[in-house]
Amino acid sequence: MDFRIISLPPFRAASSGLVNDFDFSPAGALGQFNAYFSAITPSPRDSFMPRDFLCFDGETQGMVWLFALSEGMDNGGYAVVDCEGGFYVTYTYRDGDEETNNRLYQEAVAYIEASEVLELDVRPGHYAMGHIITPPEIIAAQGWAQMESFIPVKLK
């Protein structure tokens with residue numbers, strides 16, 4: 001598998017807060033957070049990059065959903081947090097295919113562990129995360145989405 005290595009800049013984000021029930025229904029905390037940021041239309045200059053990142057906190061086994069804010073963007077009443085950005089090894093898979101995701105995650109970790117220049121950088125507040133990269137119109141037409149996963153790394 002080929003992996004990308006990217007850099008995300010520091011950013012401020014609205015945060016769902018820690019959610020342990022993984023409830024994406026409209027009544028659930030993650031579903032409500034999704035509805036909040038999905039109603040926002042970023043300006044053209046801000047629409048070229050991913051804005052939302054679903055993070056997994058391995059310590060608490062919970063999820064935190066972040067939405068990158070631009071100046072003047074409404075936080076919807078959610079807490080605003082500072083994200084430090086950094087380097088990430090990324091890979092893609094069909095959203096919902098956890099078997100492939102788990103396999104690719106293990107391959108990515110092995111790739112990082114074998115690297116002479118990278119090491120894992122998972123720590124409190126700096127977790128693996130994912131983002132749906134398929135535009136909503138394409139999801140509606142084909143019936144599925146592609147997820148990009150981000151594994152935090154740093155230089156050795």
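**Reading the model**

Q: Does Phe 3 count as buried or exposed?

A: Burial is judged by relative accessible area, found with a 1.4 Å probe on protein chains only, where buried means under 20%, exposed over 50% and partly exposed in between. Phe 3 has 15% relative accessibility and therefore counts as buried. Please keep in mind that this is a predicted model, in which local features need pLDDT of at least 70 and side-chain atom pairs count only at pLDDT 80 or more, while totals for chains, interfaces and linings use all residues. Residues are numbered from 1 along each chain as its sequence is written, and side-chain values use heavy atoms, with hydrogens and water left out.

Q: Where is Phe 3 found, and which residues is Phe 3 in contact with?

A: Helices (H or I, at least four residues) and strands (E, at least two) are DSSP runs, numbered from the N terminus, and Phe 3 sits in the segment before strand 1 (4-8). Contact means heavy atoms within 4.5 Å, and, leaving aside neighbours within four places in sequence, Phe 3 is in contact with Val 89, Thr 90, Tyr 91, Leu 104, Glu 107, Ala 108 and Tyr 111. The C-alpha atoms of Phe 3 and His 126, which stand 123 residues apart along the chain, are separated by 20 Å.

Q: Which residues does Ser 149 touch?

A: Ser 149 belongs to strand 9 (residues 146-155) and is buried, because its relative accessible area is 8%. Not counting residues up to four places away in sequence, Ser 149 touches Val 89, Thr 90, Tyr 91, Tyr 93, Asn 101, Met 129 and Gly 130.

Q: What volume has the largest pocket?

A: On a 1 Å grid over the protein atoms alone, a pocket is an open set of points with protein on both sides within 12 Å along at least five of seven lines, and lining residues have an atom within 4 Å of a point. The largest pocket has a volume of about 650 Å³, a volume being the space filled by probe spheres set on the points. Its lining has 26 residues, of which Phe 37, Asp 52, His 131, Ile 132 and Pro 136 lie nearest its centre. Helix 1 (29-38), strand 3 (52-57), strand 4 (62-68), strand 8 (129-132) and helix 3 (136-142) each supply at least two residues of the lining of the largest pocket. By class, 16 residues of that lining are nonpolar, 6 polar and 4 charged, where Ala, Val, Leu, Ile, Met, Phe, Trp, Tyr, Cys and Pro count as nonpolar, Asp, Glu, Lys and Arg as charged, and the others, Gly among them, as polar.

Q: How many residues line the second largest pocket?

A: The second largest pocket, with a volume of about 520 Å³, is lined by 24 residues, and nearest its centre lie Cys 55, Phe 56, Asn 101, Ala 128 and Met 129. Two or more residues of this lining come from each of strand 3, strand 6 (86-94), helix 2 (98-114), strand 8 and strand 9. The classes here are 16 nonpolar, 6 polar and 2 charged residues.

Q: Why is the sulfur of Cys 55 too far for a bond with Cys 83?

A: A disulfide is a pair of cysteine sulfur atoms within 2.5 Å. The closest cysteine sulfur to that of Cys 55 is in Cys 83, at 7.1 Å, so the two are too far apart for a bond. A search of the whole structure finds 0 disulfides. Cys 55 counts as buried at 7% relative accessibility, and Cys 83 is buried too, with a relative accessible area of 14%.

Q: How many aromatic pairs does the count come to?

A: Rings of Phe, Tyr and Trp (its six-membered ring) pair if their centres lie within 6.5 Å, and planes under 30 degrees apart count as stacked, over 60 as edge-to-face and the rest as tilted. By this rule there are 15 aromatic pairs. The rings of Phe 33 and Trp 65 have centres 6.1 Å apart and planes at 40°, so this pair is tilted. The pair links distant parts of the chain, with Phe 33 in helix 1 and Trp 65 in strand 4, 32 residues apart. Phe 33 is buried at a relative accessible area of 0%, and Trp 65 is buried at 7%. Tyr 88 and Phe 150 form an edge-to-face pair, 6.0 Å centre to centre with 85° between the planes.

Note on methods. On a 1 Å grid over the protein atoms alone, a cavity is a set of points where a 1.4 Å probe fits but cannot get out, and a pocket is an open set with protein on both sides within 12 Å along at least five of seven lines; lining residues have an atom within 4 Å of a point.
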